[in-house]
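The entries follow in the order of my looking.

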Amino acid sequence: TFTTVKKLLGRAETTYVRRYDMCPDDHVVFWDSKNLPTPYRHAHRYNCPVCGKSRYVTDPKDGNVRPAKTLFFFPVAHYIRSLYARRDLVDYLLQEVGERPEGDISKSRGYKRKVTDNPHMNNDRRNLALVGTTDGVPYFKDQRRGCWPFVLRCANLPSALSQHMSNCHLHLVAPNEYWELDEDAGVLRRQIRAPKSLQPHMSLIVDDLLAAYHRGTHTHIDMSAICRHD
């Protein structure tokens, strides 16, 4: 039932999802980085340091305080673990999986520079190359309300597997709406607008990817799948 699904998602959210408040005008995420070369420190703020807008709004109806805007973040470590937990995928995840057809991303100059010729990446056959993308997606036919999903796929996999949604990772979801107080009417109104900037979102994503790149991610791998290639 729908209620059962909501309960399952509610329990999963505490493990796999992080919520971060944002400036309504998309200047900053109210969050502190851990891995960026230039520290990003905004978790302590109540107002945007760029435009001065408040992080929170108060609902006149009940006095409850809520974030003016929220994004949803799904750390990449869970995705990496899920890939290596799939016995049917492990063989394809290793870097020396054999010849790929022309047009495959592994044939590109970018892949060669960032993965094949990168000593940090090629020193372990289990390292993964990730490809990211994002775009605005409407929720309904009216094309108004919507979001910006940031999606990762694994370039180690053959294209057909890499592009299958069951093997992709939803890294971040940014809504194109925020709450604003209508002082004349005394109510909160939902304002709809595409993000003015994706820079804060990218800061969050890059920080997460740098952690995976430099520290790695602990996974439970079926070693028989790796040993059979030796």
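Entry 1, a helix. I listed the buried residues of helix H2 (residues 76-84) and found Val 76, Ala 77, Tyr 79, Ile 80, Leu 83 and Tyr 84. Viewed down the axis of H2, these buried residues fall within an arc of 160°, so they line one face of the helix. I note that the model is predicted. I then asked what covers the buried residues of H2. The cover includes H3, strand S5 (130-134), S7, S8 and helix H7 (199-215).

Entry 2, a strand. Of the 7 residues of strand S8 (residues 169-175), 6 are buried, so the strand is largely enclosed by the rest of the structure. I next looked up the pairing of S8. Strand S7 (residues 146-154) pairs with S8 in the antiparallel sense, over 6 bridges; in this region I found Leu 152 opposite His 169 of S8. Strand S4 (residues 70-73) also pairs with S8 in the antiparallel sense, over 2 bridges. Here I recorded Val 173 in S8 as the bridge partner of Phe 72.

I located Asp 104 in the loop between helix H3 (87-93) and helix H4 (109-116). Is Asp 104 buried or exposed? Its relative accessibility is 6%; the cut-off for buried is under 20%, so Asp 104 counts as buried. Which side chains does the side chain of Asp 104 contact? I found a polar contact with the side chain of Ser 106 at 2.7 Å, and another with the side chain of Ser 159 at 3.1 Å.

Conventions: Residues numbered from 1 in each chain as written. Predicted model: local features only at pLDDT ≥ 70, side-chain atom pairs only at ≥ 80, totals over all residues. Heavy atoms only, no water. Buried < 20%, exposed > 50% of the residue type's maximum accessible area, 1.4 Å probe, protein only. Helix = DSSP H or I, 4+ residues; strand = E, 2+ residues; numbered from the N terminus. Pairing = 2+ DSSP bridges. Polar contact = N/O pair within 3.5 Å; in protein donor to acceptor, adjacent residues only side chain to side chain. Arc of directions from axis to C-beta. Contact = heavy atoms within 4.5 Å.
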